[in-house]
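These are my notebook entries on one protein model.

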Amino acid sequence: MLQYHQIHPLEAISLSPSSFSLIELLCCPITSNESSLIVDVQTPTSTASQAHGNPLYALTLCFSTMQGSFIDPLSFRLREPTTYDATQYYSAGGGHEPENTNHAKAPYGQSVRAGTFQGAHHFVVQNQTMAEKIEYIFSGTSVMGIIYPFIDPNAALDSSARDPPPRCHPGTRVHINEDLIAWLNSPDRGFDMRWLCGPAGTGKSAIAQTFAEVCFELGRLGAAFFFSRPNGRDKSKTVIPSLVYQLCLHCPAYKVIVIEIIVNDPQLLQKAVGIQFKRLLIEPFVQLKMKGHPCSRQPLVIILDGLDECAGIPAQCLFIRLISEHVRLMRGFPLLWFLSSRQESHLKQSFSRITVCGRDELVFDQESRDDVKRYLRDQFIRAREENPYTTTPEWPPQAQLDDLVEMTSGYFQFAEIAVKYVNDPEVGDPVKQLNLLIAYLTTTQRIGVNNPLCILDALYTRILSNVPQEVLPTTLDILAQLALSSPHWSGKHMSAQVLCNVLRLEQHTFYGALAKLHSVILVPAPANACLESLRFYHASFPDYLLDTGRSGKFGITKSWAFEIMASRYLDWYEVLIASTNLNDFLNVADGCAEPVSVSLTRHVLGYAWQPFDWGSKCKSERVFSRLLDFDFRYINAHGRESVPWLVNWIHRHPSYPIDFELLEHVKHLTGEKSVIPGVKLPFPDFGRFMFPAFNLSRELLFLGCGQKTVAVLFTRSRNPSIDVINIEVGLSAELVSRYRRMIDQHDEPGWIEEIIEMFNEESLREALE
């Protein structure tokens, strides 16, 4: 009876037979006190064998100490192991050799470490616990060692290169994390593939990290790859080998199959990604599922975070196509897929065509703002505890915390950068750092202040660096239009299609210029462009663009933007005013709630003069010459409320004969009342000017030259008004009646007290006076 006892220290005996196709191990008596025996058979290192590239073959035979006087003769062949169920050889009831013994020899450069009883038969082992280890050797290197050079170890979940990794702050992102865990554990999940998307800096990687850690704790993590282009974790050829390597560590049964596949095809790791995906990821789990292996009963999760950081758009789309096709054809497979990325245009298009993928989108909503507020509050408490000598128990002031929460607007990366700046261990003074941060974010006077948002700026710079150089001028033109437009007009009234028309761009040019910016700008699909507008996800991006000290070559200077935008709107204004049929030269969008021609006209007439407000200090000969030739006679009907912006840029006193003719009209309108020539600059905007004034006053200026000149009368009163008078139209009876009625209302007693009582503010009296 052969018994398996504790293994004693080993001795090695080397043999070098002339023929190594068959090794006969003769009977060798071993007493119970003798040590285990290792027989190491080495191939002769002859010139002929070296010429054939024949490396070292090794066969290790391990025998445990036996209680008995002899061992039956055993014969072993050097051969490549075949796929078989190990239980038929090592079952308690004994086993027999498979009927098919025509095994292929191991390929050159490969050898097999044989098990203790490989090839043995006709014996029984009872009441013993044994472990069998089968390991392939490639010229002295294990298969796992062969895979390792092809992986990216820094992209793994627990990589030291990512330490500390981003993860969700306790109590934040609760809903999405709970939903992912429910998806993992649900046997009736609707999708085997999920895509988490959102703008840059919204915490996608933190969610992916947190979910991966939960899966690992539950024994459900198959593999994870965290892309990062700045850190070099972006090579598509390392993705599949990295996933395979991690799966081998987490699932031994999978490893056995993968080892055999690589032994049979040593060049597989250098083949196309699609081939590797099928052979190394899908086929092994197909075998495990067919055998009913326990690891196939509860699916493992594979996580690909930051897919947009993978080098090359074709590679990104390839992974999506491979995974989605597999999920579509093989529902209920032992693998679940979780992908996260920014909302780049090509990724949105790829996922929009997939019906077997769930979608989770991170947005700047009230929940994200509450989460950021919790994060900031907890981190400031931590900073206070870490700096007891420089902070007080009341720090930070509630007003400062509220200001910072308002500025972050639910933007996690902005909040994280702010926390790192405030609690900088090199400075050790959170009070000072928070004061500097708030001052930096609330003022334009930033000279001498170190930029606390340099990390965020680096992110924006990297995003803009992806825009091709030949496209960049168009991209910056669009960004300037968006960054410097009034919030009113950059909202729902200025659709993406209207903006495209204002810039005189073809659809393909417009969307091509925005293709790399979907992570920082909401870009509606062409089908919705007539109703939806472009908008920045967070105010920090336009702030970055308009501060050339931060944005460098991607900066937008007001002088440049003013010149192109003011000239553009002057051109549009004249064209629209002179046109009798707008549809003759404007695109009309079928199926839209309102023709684009109507929306475009409303935008141009309402916004044309706004650049002269924020550009009042800009100087441009090109714009000035356009204004001298501009026909201001039509401004009375369209855009009178915008005249104050224009007045701050260009105006004059009466000097031409036509000016004095217009002055006579003004005298008739006012009933020969006194009029102050010129206006007090800077002139208030229309909203402040139209507020009731206690003291009646009139101011007059002239715009334009020659017959295109108009007189602009500003009347401050109970009901302020701006009236534009041109020589061709003159004064209508209706205008004279309305104006004099306005003056009579100003003379009515009691209205000042009514206004003060309405607002209930003593400061209002001072403002009106």
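Entry 1, helix α7. I looked up which residues of α7 are buried and found A253, Y254, I257, V258, I259, I261, I262 and V263. Buried means under 20% relative accessible area, exposed over 50%, and partly exposed in between (1.4 Å probe, protein chains only). Helices (H or I, at least four residues) and strands (E, at least two) are DSSP runs, numbered from the N terminus. Helix α7 covers residues 252-264, and at 1.5 Å a residue its 13 residues should span 18 Å. The expected span is 1.5 Å times one less than the number of residues. I find the end C-alpha atoms of α7 19 Å apart, which agrees.

I am reading a predicted model, in which local features need pLDDT of at least 70 and side-chain atom pairs count only at pLDDT 80 or more, while totals for chains, interfaces and linings use all residues. Residues are numbered from 1 along each chain as its sequence is written, and side-chain values use heavy atoms, with hydrogens and water left out.

I noted 30 helices and 19 strands. Of the 769 residues, 49% are buried. Among contacts between residues at least 6 apart in sequence, 75% join residues at least 24 apart. Contact means heavy atoms within 4.5 Å.

I looked up how helix α9 (residues 313-329) meets helix α10 (residues 345-352): their axes come within 10 Å and cross at roughly 20°. That makes α9 roughly parallel to α10. Angles under 35 degrees count as roughly parallel, over 145 as roughly antiparallel, 65 to 115 as roughly perpendicular and the rest as oblique. Axes are lines fitted to C-alpha atoms, for helices over the stretch in contact, and angles run from 0 to 180 degrees between N-to-C directions. From α9, the residues I313, Q316, C317 and I320 meet H346, L347, S350 and F351 of α10. Ala, Val, Leu, Ile, Met, Phe, Trp, Tyr, Cys and Pro count as nonpolar, Asp, Glu, Lys and Arg as charged, and the others, Gly among them, as polar.

The axes of helix α26 (residues 657-670) and helix α28 (residues 733-746) come within 9 Å and cross at roughly 50°. The two helices are therefore oblique to each other. I list H668, L669 and T670 of α26 against L735, V736, Y739 and R740 of α28. These divide into four nonpolar, two polar and one charged.

I then looked up T670, which is in α26. T670 is buried, with a relative accessible area of 6%. Leaving aside neighbours within four places in sequence, T670 is in contact with V675, R698, L713 and Y739.

Which residues does a cis peptide bond join? I found one between D163 and P164, with omega about -5°, and one between W395 and P396, with omega about 0°. P164 is in the loop between α3 (143-147) and α4 (174-185), and P396 is in the loop between α11 (366-386) and α12 (398-408).

I also noted S409, not a glycine, with a positive phi of about 50°. S409 is partly exposed, with a relative accessible area of 27%.
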